[in-house]
Amino acid sequence: MAALTPISRKPMSLVLPTIAAAGGFLGIFVGASNGSTLMGLVIGAVVVAALGLFFIGVLKNEQLSKWISIVLVAVAGFVLGGIPGFILGAIFGWFFHWFTYWLYEGRYRARLLPYLTPGQVLWHYSFLVICGAIFVFLITPILVVMPLSFNAQDFFTFTPEMLRFDPEGYSLKHYRDFFTNNEWQRSFKNSLLIAPIATVISVSLGTLAAIGLSQSHVPGRRAIMAILISPMIVPLIISATGMFFFYSDIGNWLEGTLGLPKTFVGYVKVVLAHAVLGIPFVIITVTATLVGFDRSLTRAAANMGANPVTTFFRVQMPLILPGVISGGLFAFITSFDEVVVVLFIGSASQKTLPWQMFTGLREQISPTILAVATILVVISIALLTTVELLRRRSERLRGMSPS
Amino acid sequence: MKSKVTALAISAALVAPSAFAQEMTIVSWGGSYSKSQQLAYHEPYTAKTGITIINDDSSAEAVAKIRAMNEAGNVTWDVVDVVASDAMRLCDEGLAEELDHDAVLAAAPDGTSATEDFGDLIVSDCFVPQIVYSTTFGYRTDMVGDTPPSSICDVFDLEKYPGKRSLQKRPIDNMEWALYCDGVAKEDIYDVLGTPEGVERGLAKLDTIKDSVVWWTAGAETPQLLADGEVVMGSTFNGRLFSAIAEQGQPIGMLWDMQSFDLDGWIIPAGLSDERKQRALEYLFFATDTQRLADQAKYISYGPARKSSAPLVGKHASLGIDMAPHMPTDPANAGNVHIYDYEWWADNRDDLDAKFQAWLAK
């Protein structure tokens with residue numbers, strides 16, 4: 001983007017305190033991990049301010065000072081924390097140099113509108129920093145899990161070998177454990193069996209309910225809607241307790257009177273319970289898409305001789321499909337992530353992945369859980385990417401530009 | 001009519017294959033403990049009988065779940081592994097089957113009856129003892145200087161061993177250790193603890209280290225905290241410490257002084273059909289014989305409950321080290337042992353739990 005505002009050099013009275021504050025802030029973390037937080041703060045502020053003064057006041061060569069900054073801080077990092085410290089130090093060094101010149105040359109002003117007050121400029125960058133911080137807080141817990149899942153030890157700990165990037169410290173054994181351990185495999189298969197079936201049931205029933213409830217002539221629509229959505233509002237532990245007794249009776253009847261085998265009945269109970277939990281999501285998303293649905297289309301279809309079923313599948317369904325699919329995704333995730341209800345209703349042969357992770361975390365803090373988490377994250381990303389690519393493709397085929 | 005026929009046809013089709021694949025659900029504690037049972041009991045049993053065994057790691061909430069299942073008339077568990085005190089509670093409430101130990105369990109190879117072989121470890125009519133374990137302390141060998149802790153009272157000595165320690169979040173054991181280190185003789189501990197002043201005294205002793213305590217609820221927490229170096233020492237089950245030391249090579253040492261013995265074993269929940277109860281009994285007969293109990297000690301350092309199993313305890317299955325020195329019952333480790341009093345705690349647990357929780361919240 002081209003510069004909007006002409007830039008000019010800023011006085012040192014603005015640059016120095018700001019970079020010293022940034023240096024002090026990072027110094028807190030370095031200091032905390034080396035014994036003294038206060039020392040870190042002071043040293044960080046002084047070192048960064050001194051470097052800035054030296055670069056701008058004495059050296060006056062941006063390229064040269066960049067490399068000096070990177071090498072100096074990287075060496076300091078190496079002394080304090082080995083190879084990881086070296087890499088972090090190099091990044092910090094680059095950052096300080098960039099930050100110093102960014103402030104000193106007034107580059108931060110270049111891309112903003114010329115009439116902004118200093119307060120607005122400050123807010124603009126604070127806003128960016130806040131957004132970045134939120135992003136970091138959301139993503140870091142997930143990112144931390146990934147390297148730990150390659151731990152050669154059975155603990156949730158970054159071992160010294162791992163920090164030295166020693167291949168000895170890493171291993172695939174937790175992944176091997178997941179793929180060879182019967183309990184993990186059983187629970188993985190159960191999840192892959194229960195979640196899709198529960199999703200199909202919730203999507204069919206939820207879509208029907210949403211269409212029915214969107215008709216203006218249905219009596220007591222709001223009351224019915226509230227009841228159907230209640231599983232989402234009632235605390236899960238309460239639904240689960242009620243479901244436990246309700247489905248126990250149904251299960252006893254299915255086993256006793258109809259003579260169905262125990263394992264099969266167990267699956268039926270869990271699938272039905274998860275379907276109930278998924279239905280509200282489908283109803284809400286489909287109702288939302290139905291708001292934008294033009295009713296005259298169904299009348300036009302009827303006018304041309306289509307019966308209601310044909311109308312539904314050929315006219316209405318394709319138009320509300322995005323709502324149905326996102327409802328289905330929510331229903332799938334609800335079942336796939338669910339641990340409370342399945343703990344109550346399922347028996348061990350219906351053990352799902354979240355259940356296994358839950359007990360695994362409580363009884364044995366095993367990094368296999370982290371390996372599974374990593375696999376699930378990768379699968380989720382792959383799934384979402386596929387869905388997005390398919391959506392773009394279908395829009396392209398329909399002659400719309402991807403949005 | 002037609003739908004009834006269809007239902008019957010469907011159920012017949014579903015029942016037919018399931019008749020071949022028999023399953024039973026065995027409930028245990030999970031982790032390396034369940035693994036040792038899997039290798040020592042479940043796999044040989046499946047090989048012998050063809051019955052598939054499903055593990056449910058729910059022993060921690062066994063009492064509550066068995067109550068709920070019983071109320072709902074839908075008991076899905078066949079055999080349950082519980083600690084002795086839970087077995088006594090379940091037995092008192094009629095939620096576990098009472099057993100005639102000599103009739104349903106194997107005799108020792110030399111013909112000694114089961115009741116004699118298990119001796120006084122049969123603490124309840126419903127309970128089949130399996131292992132003797134202990135709650136004891138592990139410490140970081142690299143964080144205690146040249147003099148590793150050798151007495152339980154070192155846990156309360158913040159000057160000699162500064163740093164955090166992890167203790168189980170319950171009054172049991174902690175109160176006894178606190179009183180013992182406050183100068184109460186071992187045989188008087190429960191007499192003192194029975195008085196309100198005694199409880200105050202125990203809590204006051206715990207108060208001296210309260211700020212340095214990390215409270216744990218799951219057995220896996222202390223090994224993790226020790227591996228991270230977040231605590232200097234911590235209590236947990238001795239088998240967990242063994243696996244952290246011997247199998248994971250962590251710099252951890254054992255402090256066996258005043259280790260607290262406890263029992264763990266099997267119960268059969270009440271309310272099973274005759275067929276399932278019969279199957280559960282057959283499993284128990286197999287899994288608690290002399291050889292099987294000794295086999296389990298190959299995988300985890302818990303002492304077998306039968307006297308006749310002790311001489312058969314051999315080497316660790318994969319490490320090849322002798323298991324006997326790692327057993328809580330080994331004479332070298334059992335020099336000063338705390339025998340935890342079930343009866344006393346059964347009577348006083350609720351009261352002390354409340355006081356302990358109130359103290360924690362202070």
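Predicted model: local features only at pLDDT ≥ 70, side-chain atom pairs only at ≥ 80, totals over all residues.
1. Where chain A and chain B meet, 25 residues of chain A and 27 residues of chain B take part in the contact. On the side of chain B that touches chain A, the elements giving two or more residues are helices H1 (2–18), H2 (31–49), H3 (62–72) and H10 (221–228), together with strands S1 (23–27) and S2 (52–56), of chain B. H1(B) gives the most to this side, with five residues. By class, the residues of the side of chain B that touches chain A comprise 13 polar, ten nonpolar and four charged.

2. Within chain A, the axes of helix H1 (residues 12–33) and helix H2 (residues 37–59) cross at roughly 140 degrees and come within 6 Å, and the crossing in which H1(A) passes H2(A) is right-handed. The contact of H1(A) with H2(A) has no charged residues, being made up of 17 nonpolar and eight polar residues.

3. Chain B is divided into two parts, domain 1 (21–132 + 263–323) and domain 2 (133–262 + 334–361), with 28 Å between the C-alpha centres of domain 1 of chain B and domain 2 of chain B.

4. Between these domains of chain B, 13 residues of domain 2 are in contact with 17 residues of domain 1. The domain 1 side of this contact draws two or more residues from each of H2, helix H4 (84–92), strand S4 (128–140) and strand S8 (252–267) of chain B. The residues of the side of domain 1 of chain B that touches domain 2 of chain B divide into one charged, four polar and twelve nonpolar.

Technical notes: Residues numbered from 1 in each chain as written. Chains lettered and ligands numbered in written order. Contact = placed C-beta atoms within 7 Å. Helix = DSSP H or I, 4+ residues; strand = E, 2+ residues; numbered from the N terminus. Nonpolar A, V, L, I, M, F, W, Y, C, P; charged D, E, K, R; others polar. Axes fitted to C-alpha atoms, helices over the stretch in contact; angles between N-to-C directions. Left-handed = near helix turned anticlockwise from the far one by under 90°. Domains from an automatic or database assignment.
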